[in-house]
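I open my notebook on a structure that is new to me. I look up a few features in turn.

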Amino acid sequence: MQTNKMSKVFLFGGIFTFLFLYIPLIVLILYSFNDSKINVGWVGFTLKWYKVLFNDKEIINAGINSLLIAFTSSSISVVLGTLAGVALHRYKIPLLSALVMVPVAAPELLVGVSLLLFFLLINFTLGYASIILAHTAFSISFVAIAVKSRMFGMDDSIIDAARDLGASPFKAFWLILIPTILPGVIAGGLMAFTLSVDDFVITFFTAGVGSTTLPLAIYSMLKMGVTPEVNAASTIIILFTLCLASIATKLSPQIFK
Amino acid sequence: MAILEIKNVTKQFGGNLVVDNISIDIKKGEFFTLLGPSGCGKTTLLRMIAGLVSPDSGQILLDGVDITNLPPEKRPLHTIFQSYALFPHMTVADNIAFPLKMAKWDKSRIDAQVNELLEDVQLSQFKDRYPHEISGGQKQRVAIARSLVDRPKLLLLDEPLSALDARLREHMHMELVKLQEETGVTFVYVTHDQHEALALSSRIAVLNHGTIEQLDKPDIIYSKPKTHFVADFLGKCNLLKAEVLATTTDTVTLRVASGIEFSIKDPASSSYQIGQIGWYSLRPEKLKLSAENTFDATNLSVIKSKVNGYYYYGNDTLYELDLGNNTKLQVMAPNHTSDGVKFFVDNSEIYVAFDPEAGNFLDTSSC
(Lines give C-alpha, C1' and ligand atoms only; values in the text may rest on other atoms or scores of the structure.)
Protein backbone atom coordinates (compact mmCIF):
# COMPACT_ATOMS: atom_id res chain seq x y z
CA MET A 1 0.00 0.00 0.00
CA GLN A 2 2.75 2.37 1.01
CA THR A 3 4.57 1.99 -2.29
CA ASN A 4 1.29 2.51 -4.13
CA LYS A 5 0.74 5.81 -2.38
CA MET A 6 4.30 6.82 -3.09
CA SER A 7 4.03 6.05 -6.77
CA LYS A 8 0.87 8.18 -6.96
CA VAL A 9 2.74 11.06 -5.35
CA PHE A 10 5.50 10.68 -7.91
CA LEU A 11 3.01 10.46 -10.76
CA PHE A 12 1.19 13.65 -9.77
CA GLY A 13 4.47 15.39 -9.02
CA GLY A 14 5.74 14.44 -12.46
CA ILE A 15 2.58 15.65 -14.19
CA PHE A 16 2.70 18.92 -12.27
CA THR A 17 6.34 19.48 -13.18
CA PHE A 18 5.68 18.91 -16.85
CA LEU A 19 2.67 21.25 -16.79
CA PHE A 20 4.78 23.86 -15.05
CA LEU A 21 7.41 23.55 -17.76
CA TYR A 22 5.14 23.38 -20.75
CA ILE A 23 2.01 25.50 -20.08
CA PRO A 24 3.78 28.79 -21.02
CA LEU A 25 5.11 27.17 -24.19
CA ILE A 26 1.72 25.70 -25.06
CA VAL A 27 0.08 29.11 -24.59
CA LEU A 28 2.74 30.70 -26.77
CA ILE A 29 2.18 28.10 -29.50
CA LEU A 30 -1.61 28.43 -29.33
CA TYR A 31 -1.49 32.21 -29.68
CA SER A 32 0.63 31.89 -32.82
CA PHE A 33 -2.62 30.62 -34.41
CA ASN A 34 -4.78 33.40 -32.93
CA ASP A 35 -6.51 35.72 -35.37
CA SER A 36 -5.75 38.92 -33.41
CA LYS A 37 -2.93 41.43 -33.41
CA ILE A 38 -2.57 41.42 -29.64
CA ASN A 39 -1.97 38.43 -27.38
CA VAL A 40 -5.10 38.93 -25.27
CA GLY A 41 -8.09 36.65 -25.61
CA TRP A 42 -8.75 33.98 -28.25
CA VAL A 43 -10.45 35.31 -31.38
CA GLY A 44 -10.17 32.60 -33.99
CA PHE A 45 -7.79 30.20 -35.80
CA THR A 46 -5.50 31.51 -38.51
CA LEU A 47 -2.20 30.72 -40.22
CA LYS A 48 -1.64 34.29 -41.33
CA TRP A 49 1.12 35.01 -38.80
CA TYR A 50 3.16 32.23 -40.34
CA LYS A 51 2.58 33.82 -43.76
CA VAL A 52 3.74 37.17 -42.39
CA LEU A 53 6.76 35.48 -40.83
CA PHE A 54 7.82 33.77 -44.05
CA ASN A 55 7.49 37.01 -45.99
CA ASP A 56 9.61 38.89 -43.47
CA LYS A 57 13.00 39.09 -45.20
CA GLU A 58 14.83 40.18 -42.07
CA ILE A 59 13.58 37.23 -40.02
CA ILE A 60 14.30 34.73 -42.79
CA ASN A 61 17.84 36.09 -43.24
CA ALA A 62 18.39 35.99 -39.49
CA GLY A 63 17.17 32.37 -39.47
CA ILE A 64 19.58 31.39 -42.24
CA ASN A 65 22.41 33.13 -40.37
CA SER A 66 21.49 31.22 -37.24
CA LEU A 67 21.57 27.88 -39.05
CA LEU A 68 24.90 28.65 -40.76
CA ILE A 69 26.46 29.78 -37.49
CA ALA A 70 25.10 26.71 -35.69
CA PHE A 71 26.34 24.37 -38.41
CA THR A 72 29.86 25.85 -38.47
CA SER A 73 30.30 26.16 -34.71
CA SER A 74 28.91 22.70 -33.96
CA SER A 75 31.09 21.11 -36.66
CA ILE A 76 34.22 22.65 -35.18
CA SER A 77 33.21 21.75 -31.65
CA VAL A 78 32.42 18.13 -32.62
CA VAL A 79 36.02 17.65 -33.76
CA LEU A 80 37.66 19.51 -30.87
CA GLY A 81 35.18 18.31 -28.25
CA THR A 82 35.61 14.65 -29.25
CA LEU A 83 39.37 14.91 -28.93
CA ALA A 84 38.95 16.65 -25.58
CA GLY A 85 36.47 13.99 -24.37
CA VAL A 86 38.80 11.14 -25.34
CA ALA A 87 41.73 12.87 -23.66
CA LEU A 88 39.69 13.50 -20.49
CA HIS A 89 38.72 9.83 -20.34
CA ARG A 90 42.22 8.57 -21.00
CA TYR A 91 44.25 10.82 -18.72
CA LYS A 92 41.70 11.30 -15.95
CA ILE A 93 43.07 14.61 -14.66
CA PRO A 94 40.47 15.76 -12.09
CA LEU A 95 41.11 19.48 -12.53
CA LEU A 96 40.56 19.31 -16.31
CA SER A 97 37.30 17.38 -15.87
CA ALA A 98 36.07 20.17 -13.60
CA LEU A 99 37.34 22.92 -15.91
CA VAL A 100 35.47 21.51 -18.90
CA MET A 101 32.23 21.93 -16.92
CA VAL A 102 32.80 25.64 -16.30
CA PRO A 103 31.55 27.00 -19.64
CA VAL A 104 28.40 24.91 -19.13
CA ALA A 105 27.83 25.99 -15.55
CA ALA A 106 29.05 29.61 -15.64
CA PRO A 107 26.43 32.34 -16.08
CA GLU A 108 26.04 33.13 -19.77
CA LEU A 109 26.30 36.81 -18.99
CA LEU A 110 29.83 36.30 -17.65
CA VAL A 111 30.85 34.20 -20.62
CA GLY A 112 29.40 36.81 -22.98
CA VAL A 113 31.14 39.73 -21.30
CA SER A 114 34.46 37.92 -21.04
CA LEU A 115 34.33 36.97 -24.73
CA LEU A 116 33.52 40.55 -25.68
CA LEU A 117 36.45 41.86 -23.63
CA PHE A 118 38.70 39.22 -25.12
CA PHE A 119 37.75 40.08 -28.71
CA LEU A 120 38.27 43.79 -28.01
CA LEU A 121 41.62 43.04 -26.38
CA ILE A 122 42.95 41.19 -29.41
CA ASN A 123 41.33 43.71 -31.78
CA PHE A 124 39.09 41.11 -33.35
CA THR A 125 36.31 42.70 -35.46
CA LEU A 126 32.92 41.67 -34.13
CA GLY A 127 30.75 39.92 -36.69
CA TYR A 128 29.80 36.43 -37.77
CA ALA A 129 33.32 35.11 -37.15
CA SER A 130 33.28 36.26 -33.54
CA ILE A 131 29.81 34.73 -33.01
CA ILE A 132 31.01 31.41 -34.43
CA LEU A 133 34.12 31.45 -32.21
CA ALA A 134 32.01 32.29 -29.16
CA HIS A 135 29.51 29.51 -29.87
CA THR A 136 32.32 27.03 -30.51
CA ALA A 137 33.86 27.96 -27.18
CA PHE A 138 30.85 26.90 -25.14
CA SER A 139 29.81 24.03 -27.43
CA ILE A 140 33.13 22.20 -27.06
CA SER A 141 32.27 21.53 -23.42
CA PHE A 142 28.96 19.91 -24.29
CA VAL A 143 30.53 17.61 -26.87
CA ALA A 144 33.43 16.76 -24.56
CA ILE A 145 31.06 15.88 -21.72
CA ALA A 146 28.84 13.75 -24.01
CA VAL A 147 31.86 11.88 -25.41
CA LYS A 148 33.40 11.41 -21.98
CA SER A 149 30.22 9.96 -20.52
CA ARG A 150 29.85 7.67 -23.53
CA MET A 151 33.39 6.37 -22.92
CA PHE A 152 32.77 5.89 -19.22
CA GLY A 153 31.04 2.54 -19.67
CA MET A 154 33.35 1.50 -22.49
CA ASP A 155 35.78 -1.39 -22.33
CA ASP A 156 39.16 0.32 -22.71
CA SER A 157 40.86 -2.88 -23.79
CA ILE A 158 39.17 -2.77 -27.22
CA ILE A 159 41.79 -0.24 -28.31
CA ASP A 160 44.59 -2.50 -27.06
CA ALA A 161 42.86 -5.41 -28.80
CA ALA A 162 42.71 -3.50 -32.08
CA ARG A 163 46.45 -2.75 -31.91
CA ASP A 164 47.16 -6.34 -30.90
CA LEU A 165 45.18 -7.64 -33.90
CA GLY A 166 47.18 -5.57 -36.37
CA ALA A 167 45.70 -2.06 -36.44
CA SER A 168 47.97 1.00 -36.50
CA PRO A 169 47.21 3.68 -33.87
CA PHE A 170 45.31 5.69 -36.51
CA LYS A 171 43.24 2.68 -37.66
CA ALA A 172 42.46 1.75 -34.06
CA PHE A 173 41.16 5.28 -33.51
CA TRP A 174 39.22 5.50 -36.75
CA LEU A 175 37.84 1.96 -37.08
CA ILE A 176 37.28 1.06 -33.43
CA LEU A 177 37.18 4.09 -31.13
CA ILE A 178 35.16 6.49 -33.30
CA PRO A 179 32.34 4.03 -34.18
CA THR A 180 32.08 3.05 -30.51
CA ILE A 181 31.73 6.61 -29.26
CA LEU A 182 29.75 7.85 -32.29
CA PRO A 183 26.40 8.11 -30.46
CA GLY A 184 28.07 10.38 -27.90
CA VAL A 185 29.66 12.45 -30.65
CA ILE A 186 26.37 12.90 -32.51
CA ALA A 187 24.42 13.63 -29.34
CA GLY A 188 27.01 16.23 -28.31
CA GLY A 189 26.96 17.73 -31.80
CA LEU A 190 23.16 18.03 -31.79
CA MET A 191 23.25 19.63 -28.37
CA ALA A 192 25.84 22.10 -29.63
CA PHE A 193 23.71 22.84 -32.68
CA THR A 194 20.54 23.48 -30.66
CA LEU A 195 22.32 25.62 -28.11
CA SER A 196 23.87 27.70 -30.87
CA VAL A 197 20.53 28.26 -32.65
CA ASP A 198 18.88 29.23 -29.35
CA ASP A 199 21.63 31.32 -27.84
CA PHE A 200 20.84 34.94 -27.12
CA VAL A 201 23.05 36.32 -24.35
CA ILE A 202 26.47 35.31 -25.65
CA THR A 203 25.48 36.20 -29.22
CA PHE A 204 24.25 39.58 -28.03
CA PHE A 205 27.69 40.44 -26.67
CA THR A 206 29.74 39.05 -29.53
CA ALA A 207 27.64 40.15 -32.54
CA GLY A 208 28.87 43.15 -34.49
CA VAL A 209 26.90 45.84 -36.25
CA GLY A 210 24.68 44.33 -38.94
CA SER A 211 25.27 40.71 -37.99
CA THR A 212 22.12 39.23 -36.59
CA THR A 213 20.72 35.83 -35.62
CA LEU A 214 17.17 34.64 -35.12
CA PRO A 215 17.08 35.19 -31.34
CA LEU A 216 18.53 38.70 -31.81
CA ALA A 217 15.97 39.48 -34.53
CA ILE A 218 13.11 38.28 -32.32
CA TYR A 219 14.41 40.39 -29.47
CA SER A 220 14.45 43.52 -31.63
CA MET A 221 10.89 42.76 -32.77
CA LEU A 222 9.82 42.57 -29.10
CA LYS A 223 10.78 46.21 -28.66
CA MET A 224 7.73 47.04 -30.74
CA GLY A 225 5.47 44.81 -28.68
CA VAL A 226 4.86 41.09 -28.71
CA THR A 227 3.08 40.38 -31.96
CA PRO A 228 1.84 36.90 -32.89
CA GLU A 229 4.60 36.86 -35.52
CA VAL A 230 7.03 36.49 -32.63
CA ASN A 231 4.90 33.60 -31.37
CA ALA A 232 5.06 31.96 -34.79
CA ALA A 233 8.86 32.32 -34.94
CA SER A 234 9.19 30.96 -31.41
CA THR A 235 6.93 28.02 -32.23
CA ILE A 236 9.17 27.02 -35.12
CA ILE A 237 12.27 27.27 -32.93
CA ILE A 238 10.62 25.16 -30.20
CA LEU A 239 9.61 22.43 -32.67
CA PHE A 240 13.07 22.45 -34.22
CA THR A 241 14.72 22.15 -30.80
CA LEU A 242 12.34 19.39 -29.80
CA CYS A 243 13.25 17.39 -32.92
CA LEU A 244 16.99 17.70 -32.32
CA ALA A 245 16.62 16.93 -28.62
CA SER A 246 14.65 13.77 -29.32
CA ILE A 247 17.18 12.59 -31.91
CA ALA A 248 19.97 13.22 -29.39
CA THR A 249 18.10 11.31 -26.66
CA LYS A 250 17.37 8.42 -28.99
CA LEU A 251 20.98 8.12 -30.16
CA SER A 252 22.54 8.19 -26.76
CA PRO A 253 20.01 7.19 -24.12
CA GLN A 254 22.60 6.59 -21.42
CA ILE A 255 23.84 10.18 -21.59
CA PHE A 256 20.45 11.80 -21.11
CA LYS A 257 18.74 9.27 -18.85
CA MET B 1 63.53 -25.07 -28.96
CA ALA B 2 62.51 -21.79 -27.46
CA ILE B 3 59.91 -19.81 -29.40
CA LEU B 4 59.84 -16.99 -26.87
CA GLU B 5 62.90 -15.80 -24.98
CA ILE B 6 62.46 -13.25 -22.23
CA LYS B 7 65.85 -11.90 -21.24
CA ASN B 8 66.42 -9.87 -18.07
CA VAL B 9 63.22 -7.89 -18.51
CA THR B 10 62.57 -5.16 -15.95
CA LYS B 11 59.70 -2.70 -15.60
CA GLN B 12 59.02 0.02 -13.06
CA PHE B 13 55.82 1.99 -12.57
CA GLY B 14 56.29 5.18 -10.59
CA GLY B 15 59.31 3.87 -8.70
CA ASN B 16 57.62 0.52 -8.10
CA LEU B 17 59.58 -2.44 -9.43
CA VAL B 18 56.75 -4.46 -11.00
CA VAL B 19 58.84 -6.87 -13.06
CA ASP B 20 62.31 -7.45 -11.64
CA ASN B 21 64.89 -8.85 -14.05
CA ILE B 22 62.87 -11.83 -15.27
CA SER B 23 64.24 -14.34 -17.79
CA ILE B 24 62.16 -17.19 -19.18
CA ASP B 25 62.49 -19.46 -22.23
CA ILE B 26 59.17 -20.75 -23.50
CA LYS B 27 59.25 -23.78 -25.79
CA LYS B 28 57.32 -24.15 -29.02
CA GLY B 29 53.91 -25.75 -28.48
CA GLU B 30 53.97 -25.29 -24.72
CA PHE B 31 51.04 -24.33 -22.53
CA PHE B 32 52.99 -22.03 -20.25
CA THR B 33 51.38 -20.37 -17.25
CA LEU B 34 52.39 -17.29 -15.28
CA LEU B 35 50.81 -17.80 -11.87
CA GLY B 36 50.75 -15.36 -8.99
CA PRO B 37 48.65 -13.13 -6.77
CA SER B 38 47.40 -9.79 -8.06
CA GLY B 39 50.21 -7.26 -8.31
CA CYS B 40 52.91 -9.91 -8.82
CA GLY B 41 53.76 -8.53 -12.28
CA LYS B 42 52.27 -11.34 -14.38
CA THR B 43 49.94 -9.13 -16.40
CA THR B 44 52.62 -6.49 -16.92
CA LEU B 45 54.97 -9.20 -18.20
CA LEU B 46 52.23 -10.41 -20.58
CA ARG B 47 51.58 -6.87 -21.82
CA MET B 48 55.29 -6.42 -22.47
CA ILE B 49 55.27 -9.57 -24.63
CA ALA B 50 52.22 -8.16 -26.46
CA GLY B 51 53.94 -4.79 -26.96
CA LEU B 52 51.30 -2.83 -25.02
CA VAL B 53 53.90 -1.90 -22.38
CA SER B 54 57.57 -1.42 -23.15
CA PRO B 55 60.19 -2.79 -20.76
CA ASP B 56 62.67 -0.44 -19.06
CA SER B 57 65.44 -2.87 -19.86
CA GLY B 58 65.90 -6.37 -21.21
CA GLN B 59 65.03 -8.12 -24.43
CA ILE B 60 62.14 -10.16 -25.80
CA LEU B 61 62.82 -12.52 -28.71
CA LEU B 62 60.10 -14.28 -30.69
CA ASP B 63 61.32 -17.13 -32.89
CA GLY B 64 64.83 -15.70 -32.64
CA VAL B 65 63.76 -12.20 -33.74
CA ASP B 66 64.13 -9.28 -31.33
CA ILE B 67 60.62 -7.82 -30.92
CA THR B 68 61.42 -5.63 -27.89
CA ASN B 69 60.83 -2.39 -29.80
CA LEU B 70 58.16 -3.52 -32.27
CA PRO B 71 54.70 -1.92 -31.92
CA PRO B 72 51.93 -4.43 -31.03
CA GLU B 73 50.48 -4.51 -34.55
CA LYS B 74 53.80 -5.72 -35.98
CA ARG B 75 54.12 -8.72 -33.63
CA PRO B 76 52.97 -12.12 -34.95
CA LEU B 77 51.11 -12.89 -31.72
CA HIS B 78 47.70 -12.11 -30.24
CA THR B 79 46.21 -11.53 -26.81
CA ILE B 80 42.94 -12.68 -25.31
CA PHE B 81 41.87 -10.04 -22.84
CA GLN B 82 40.09 -10.59 -19.55
CA SER B 83 37.06 -8.66 -20.84
CA TYR B 84 37.26 -10.39 -24.29
CA ALA B 85 37.49 -6.90 -25.84
CA LEU B 86 35.14 -7.71 -28.70
CA PHE B 87 34.36 -4.72 -30.90
CA PRO B 88 30.77 -3.81 -29.93
CA HIS B 89 29.82 -2.28 -33.28
CA MET B 90 30.88 -5.30 -35.34
CA THR B 91 29.16 -8.64 -35.85
CA VAL B 92 30.76 -11.89 -34.71
CA ALA B 93 31.98 -12.55 -38.27
CA ASP B 94 33.40 -9.01 -38.64
CA ASN B 95 35.16 -9.31 -35.31
CA ILE B 96 36.85 -12.52 -36.43
CA ALA B 97 37.69 -11.02 -39.84
CA PHE B 98 39.35 -7.93 -38.31
CA PRO B 99 42.96 -9.24 -38.11
CA LEU B 100 42.71 -10.53 -41.69
CA LYS B 101 41.43 -7.17 -42.93
CA MET B 102 44.30 -5.45 -41.15
CA ALA B 103 46.70 -7.87 -42.86
CA LYS B 104 45.01 -6.97 -46.20
CA TRP B 105 43.89 -10.45 -47.19
CA ASP B 106 41.65 -10.90 -50.27
CA LYS B 107 37.93 -10.69 -49.57
CA SER B 108 37.27 -14.28 -50.69
CA ARG B 109 40.11 -15.69 -48.62
CA ILE B 110 38.90 -13.75 -45.59
CA ASP B 111 35.38 -15.19 -45.92
CA ALA B 112 36.66 -18.75 -46.26
CA GLN B 113 38.99 -18.44 -43.29
CA VAL B 114 36.37 -16.76 -41.08
CA ASN B 115 33.82 -19.47 -41.89
CA GLU B 116 36.33 -22.17 -41.03
CA LEU B 117 37.05 -20.56 -37.66
CA LEU B 118 33.33 -20.06 -36.98
CA GLU B 119 32.89 -23.81 -37.48
CA ASP B 120 35.87 -24.61 -35.26
CA VAL B 121 34.30 -22.74 -32.34
CA GLN B 122 30.74 -23.83 -33.28
CA LEU B 123 29.40 -20.32 -33.78
CA SER B 124 28.40 -20.46 -37.46
CA GLN B 125 24.74 -19.73 -36.72
CA PHE B 126 25.73 -16.67 -34.65
CA LYS B 127 27.95 -15.02 -37.27
CA ASP B 128 25.60 -12.05 -37.83
CA ARG B 129 24.92 -11.38 -34.17
CA TYR B 130 26.48 -8.49 -32.28
CA PRO B 131 28.57 -9.10 -29.13
CA HIS B 132 25.79 -7.87 -26.82
CA GLU B 133 23.47 -10.50 -28.31
CA ILE B 134 25.52 -13.56 -27.30
CA SER B 135 26.39 -15.19 -23.97
CA GLY B 136 29.62 -14.87 -22.02
CA GLY B 137 30.84 -18.29 -23.10
CA GLN B 138 30.13 -17.48 -26.73
CA LYS B 139 31.95 -14.15 -26.44
CA GLN B 140 34.90 -16.09 -25.09
CA ARG B 141 34.87 -18.35 -28.14
CA VAL B 142 34.63 -15.38 -30.51
CA ALA B 143 37.67 -13.85 -28.80
CA ILE B 144 39.56 -17.12 -29.23
CA ALA B 145 38.55 -17.47 -32.88
CA ARG B 146 39.53 -13.85 -33.59
CA SER B 147 42.95 -14.40 -32.03
CA LEU B 148 43.67 -17.64 -33.87
CA VAL B 149 42.27 -16.71 -37.30
CA ASP B 150 45.62 -15.68 -38.77
CA ARG B 151 47.56 -18.49 -37.06
CA PRO B 152 49.79 -16.44 -34.73
CA LYS B 153 53.03 -17.88 -33.42
CA LEU B 154 51.98 -17.19 -29.86
CA LEU B 155 48.71 -16.69 -28.02
CA LEU B 156 48.71 -14.67 -24.81
CA LEU B 157 45.77 -15.22 -22.48
CA ASP B 158 45.15 -12.72 -19.68
CA GLU B 159 42.88 -14.43 -17.11
CA PRO B 160 40.47 -15.25 -19.93
CA LEU B 161 38.08 -17.33 -17.84
CA SER B 162 37.70 -15.10 -14.80
CA ALA B 163 34.40 -13.61 -16.00
CA LEU B 164 32.72 -17.02 -16.48
CA ASP B 165 30.83 -18.97 -13.84
CA ALA B 166 32.47 -21.99 -12.24
CA ARG B 167 30.79 -24.68 -14.34
CA LEU B 168 31.47 -22.98 -17.66
CA ARG B 169 35.02 -22.29 -16.55
CA GLU B 170 35.69 -25.99 -16.04
CA HIS B 171 34.21 -26.75 -19.43
CA MET B 172 36.45 -24.09 -21.01
CA HIS B 173 39.52 -25.64 -19.33
CA MET B 174 39.06 -28.78 -21.40
CA GLU B 175 38.27 -26.78 -24.54
CA LEU B 176 41.40 -24.67 -24.16
CA VAL B 177 43.66 -27.69 -23.71
CA LYS B 178 42.08 -29.39 -26.73
CA LEU B 179 42.38 -26.25 -28.83
CA GLN B 180 46.00 -25.80 -27.88
CA GLU B 181 46.80 -29.40 -28.83
CA GLU B 182 44.92 -29.14 -32.14
CA THR B 183 46.40 -25.84 -33.28
CA GLY B 184 49.87 -26.39 -31.87
CA VAL B 185 50.04 -22.66 -31.08
CA THR B 186 52.16 -21.84 -28.04
CA PHE B 187 50.00 -20.51 -25.20
CA VAL B 188 51.19 -18.12 -22.51
CA TYR B 189 48.50 -18.04 -19.88
CA VAL B 190 48.17 -15.62 -16.98
CA THR B 191 46.11 -16.55 -13.94
CA HIS B 192 45.89 -16.19 -10.19
CA ASP B 193 43.90 -19.43 -9.96
CA GLN B 194 46.18 -22.28 -8.84
CA HIS B 195 43.70 -25.01 -9.86
CA GLU B 196 43.53 -23.60 -13.37
CA ALA B 197 47.31 -23.39 -13.56
CA LEU B 198 47.83 -26.95 -12.33
CA ALA B 199 45.16 -28.40 -14.60
CA LEU B 200 46.11 -26.67 -17.86
CA SER B 201 49.83 -26.06 -17.97
CA SER B 202 52.79 -27.95 -19.28
CA ARG B 203 54.96 -25.64 -17.17
CA ILE B 204 54.23 -22.98 -14.56
CA ALA B 205 56.23 -19.97 -13.44
CA VAL B 206 55.08 -18.83 -9.99
CA LEU B 207 55.58 -15.06 -9.69
CA ASN B 208 55.71 -12.94 -6.58
CA HIS B 209 56.81 -9.29 -6.24
CA GLY B 210 58.03 -9.25 -9.83
CA THR B 211 60.36 -12.24 -9.56
CA ILE B 212 60.06 -15.95 -10.35
CA GLU B 213 59.70 -18.03 -7.18
CA GLN B 214 59.72 -21.34 -9.00
CA LEU B 215 59.49 -22.53 -12.60
CA ASP B 216 58.67 -26.18 -13.25
CA LYS B 217 56.09 -28.78 -14.23
CA PRO B 218 52.80 -28.58 -12.29
CA ASP B 219 53.30 -31.80 -10.30
CA ILE B 220 56.76 -30.77 -9.14
CA ILE B 221 55.62 -27.26 -8.21
CA TYR B 222 52.83 -28.77 -6.17
CA SER B 223 54.61 -31.65 -4.46
CA LYS B 224 58.07 -30.10 -4.07
CA PRO B 225 57.56 -26.37 -3.60
CA LYS B 226 60.90 -24.60 -3.42
CA THR B 227 59.90 -21.60 -1.35
CA HIS B 228 57.60 -20.74 1.52
CA PHE B 229 55.56 -18.56 -0.84
CA VAL B 230 55.00 -21.31 -3.42
CA ALA B 231 54.03 -23.85 -0.74
CA ASP B 232 51.57 -21.40 0.76
CA PHE B 233 50.13 -20.05 -2.50
CA LEU B 234 49.44 -23.37 -4.22
CA GLY B 235 46.82 -25.34 -2.36
CA LYS B 236 46.84 -26.09 1.32
CA CYS B 237 50.18 -26.79 2.91
CA ASN B 238 51.50 -27.53 6.38
CA LEU B 239 54.57 -25.41 6.99
CA LEU B 240 56.32 -26.61 10.14
CA LYS B 241 59.38 -24.96 11.72
CA ALA B 242 62.33 -27.28 11.15
CA GLU B 243 65.91 -27.35 12.43
CA VAL B 244 68.79 -28.99 10.58
CA LEU B 245 70.41 -31.57 12.90
CA ALA B 246 72.81 -33.22 10.49
CA THR B 247 73.58 -33.43 6.80
CA THR B 248 75.24 -35.89 4.43
CA THR B 249 75.88 -35.33 0.72
CA ASP B 250 72.29 -36.12 -0.21
CA THR B 251 70.27 -36.35 3.00
CA VAL B 252 69.31 -33.96 5.74
CA THR B 253 68.19 -34.82 9.27
CA LEU B 254 65.56 -32.50 10.68
CA ARG B 255 63.86 -31.82 13.97
CA VAL B 256 60.36 -30.68 13.14
CA ALA B 257 57.87 -28.83 15.32
CA SER B 258 57.41 -30.56 18.63
CA GLY B 259 60.48 -32.72 18.40
CA ILE B 260 59.79 -35.19 15.60
CA GLU B 261 63.11 -36.23 14.04
CA PHE B 262 63.74 -37.87 10.70
CA SER B 263 66.07 -37.84 7.70
CA ILE B 264 64.99 -37.14 4.13
CA LYS B 265 66.73 -37.11 0.78
CA ASP B 266 67.64 -33.61 -0.37
CA PRO B 267 70.06 -32.86 -3.22
CA ALA B 268 70.75 -29.40 -1.78
CA SER B 269 71.61 -30.73 1.66
CA SER B 270 75.31 -29.86 1.44
CA SER B 271 74.43 -26.16 1.37
CA TYR B 272 72.65 -26.30 4.74
CA GLN B 273 74.34 -25.44 8.04
CA ILE B 274 73.88 -27.51 11.18
CA GLY B 275 71.42 -25.67 13.45
CA GLN B 276 69.87 -23.76 10.57
CA ILE B 277 66.15 -23.05 10.96
CA GLY B 278 63.80 -23.47 8.03
CA TRP B 279 60.45 -24.94 7.08
CA TYR B 280 59.30 -28.46 6.48
CA SER B 281 56.43 -28.42 3.98
CA LEU B 282 53.93 -31.25 3.83
CA ARG B 283 50.64 -31.38 1.91
CA PRO B 284 47.59 -32.25 4.09
CA GLU B 285 46.61 -35.20 1.89
CA LYS B 286 49.98 -36.90 2.55
CA LEU B 287 48.98 -37.54 6.17
CA LYS B 288 46.97 -40.49 7.47
CA LEU B 289 44.74 -40.60 10.54
CA SER B 290 43.77 -43.43 12.85
CA ALA B 291 42.10 -43.75 16.24
CA GLU B 292 44.52 -46.56 17.22
CA ASN B 293 48.26 -46.59 16.61
CA THR B 294 48.21 -49.34 13.99
CA PHE B 295 50.84 -47.73 11.74
CA ASP B 296 54.05 -49.44 10.74
CA ALA B 297 56.65 -47.13 12.28
CA THR B 298 59.58 -48.36 10.16
CA ASN B 299 58.89 -46.00 7.27
CA LEU B 300 56.39 -43.63 8.81
CA SER B 301 56.60 -40.87 11.38
CA VAL B 302 53.75 -41.29 13.85
CA ILE B 303 52.53 -38.53 16.17
CA LYS B 304 49.85 -38.56 18.82
CA SER B 305 47.60 -35.55 18.51
CA LYS B 306 44.24 -34.00 19.27
CA VAL B 307 41.44 -32.97 16.92
CA ASN B 308 40.71 -29.24 16.98
CA GLY B 309 37.98 -29.21 14.38
CA TYR B 310 37.01 -30.46 10.95
CA TYR B 311 35.45 -29.20 7.71
CA TYR B 312 33.43 -31.55 5.55
CA TYR B 313 34.11 -30.93 1.82
CA GLY B 314 32.08 -33.76 0.32
CA ASN B 315 34.86 -35.75 -1.30
CA ASP B 316 37.24 -35.21 1.63
CA THR B 317 37.26 -33.90 5.16
CA LEU B 318 39.85 -31.44 6.39
CA TYR B 319 40.94 -31.96 9.99
CA GLU B 320 42.80 -29.42 12.04
CA LEU B 321 45.01 -31.07 14.63
CA ASP B 322 46.80 -29.60 17.62
CA LEU B 323 50.34 -30.89 18.09
CA GLY B 324 50.97 -28.77 21.19
CA ASN B 325 53.49 -25.86 21.34
CA ASN B 326 51.08 -23.78 19.27
CA THR B 327 51.67 -26.03 16.27
CA LYS B 328 48.69 -26.85 14.08
CA LEU B 329 48.56 -29.54 11.46
CA GLN B 330 46.04 -29.87 8.66
CA VAL B 331 45.10 -33.32 7.40
CA MET B 332 42.96 -33.99 4.35
CA ALA B 333 41.23 -37.36 4.71
CA PRO B 334 39.36 -38.86 1.72
CA ASN B 335 35.75 -39.87 2.37
CA HIS B 336 35.89 -43.00 0.27
CA THR B 337 34.22 -45.50 2.57
CA SER B 338 30.93 -46.83 1.28
CA ASP B 339 29.13 -46.86 4.63
CA GLY B 340 28.98 -43.11 5.17
CA VAL B 341 31.55 -40.90 6.86
CA LYS B 342 32.65 -41.36 10.43
CA PHE B 343 34.26 -38.19 11.66
CA PHE B 344 36.85 -37.90 14.38
CA VAL B 345 35.10 -35.56 16.76
CA ASP B 346 36.65 -32.50 18.39
CA ASN B 347 39.11 -33.06 21.24
CA SER B 348 39.41 -36.77 20.50
CA GLU B 349 42.90 -38.28 20.66
CA ILE B 350 44.20 -39.41 17.33
CA TYR B 351 47.29 -40.85 15.68
CA VAL B 352 48.63 -39.16 12.59
CA ALA B 353 51.29 -40.69 10.33
CA PHE B 354 53.25 -39.57 7.28
CA ASP B 355 56.14 -40.61 5.12
CA PRO B 356 58.81 -37.92 5.73
CA GLU B 357 59.90 -38.22 2.08
CA ALA B 358 56.49 -36.85 1.04
CA GLY B 359 57.49 -33.41 2.25
CA ASN B 360 60.56 -31.27 1.75
CA PHE B 361 62.79 -28.81 3.56
CA LEU B 362 62.74 -25.10 2.70
CA ASP B 363 65.68 -23.06 3.95
CA THR B 364 64.51 -19.73 5.42
CA SER B 365 66.43 -17.66 2.92
CA SER B 366 63.62 -18.53 0.54
CA CYS B 367 60.82 -17.50 2.87
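Which strand order does the open sheet of five strands in chain B have? I read 13-12-11-14-20, with antiparallel pairing. Strands are DSSP runs of E of at least two residues, helices runs of H or I of at least four, both numbered from the N terminus. Two strands pair if DSSP finds at least two bridges between them.

I note that this is a predicted model, where local features need pLDDT of at least 70 and side-chain atom pairs pLDDT 80 or more, while totals for chains, interfaces and linings use all residues. Residues are numbered from 1 along each chain as its sequence is written, and chains are lettered from A in the order in which they are written.

I then looked at one pair. Strand 11 (238-247) and strand 12 (251-256) of chain B are joined antiparallel over five bridges. B:Ala246 stands opposite B:Thr253 of strand 12.

I turned to the chain contacts (C-beta atoms, placed from the backbone, within 7 Å). Here 17 residues of chain B meet 14 residues of chain A. Helix 2 of chain B supplies the largest share of chain B's side, three residues.

Last, the core: buried Ala, Val, Leu, Ile, Met, Phe, Trp, Tyr and Cys joined through C-beta atoms within 7 Å, buried meaning 20 or more other C-beta atoms within 10 Å. The largest has 98 residues, and B:Ile49 is among those with the most contacts inside it. Helix 2 of chain B gives the most, six residues.

Conventions: Two residues are in contact if their C-beta atoms, placed from the backbone, lie within 7 Å. A residue is buried if 20 or more other C-beta atoms lie within 10 Å of its own, exposed if 12 or fewer, and partly exposed in between; C-beta atoms are placed from the backbone.
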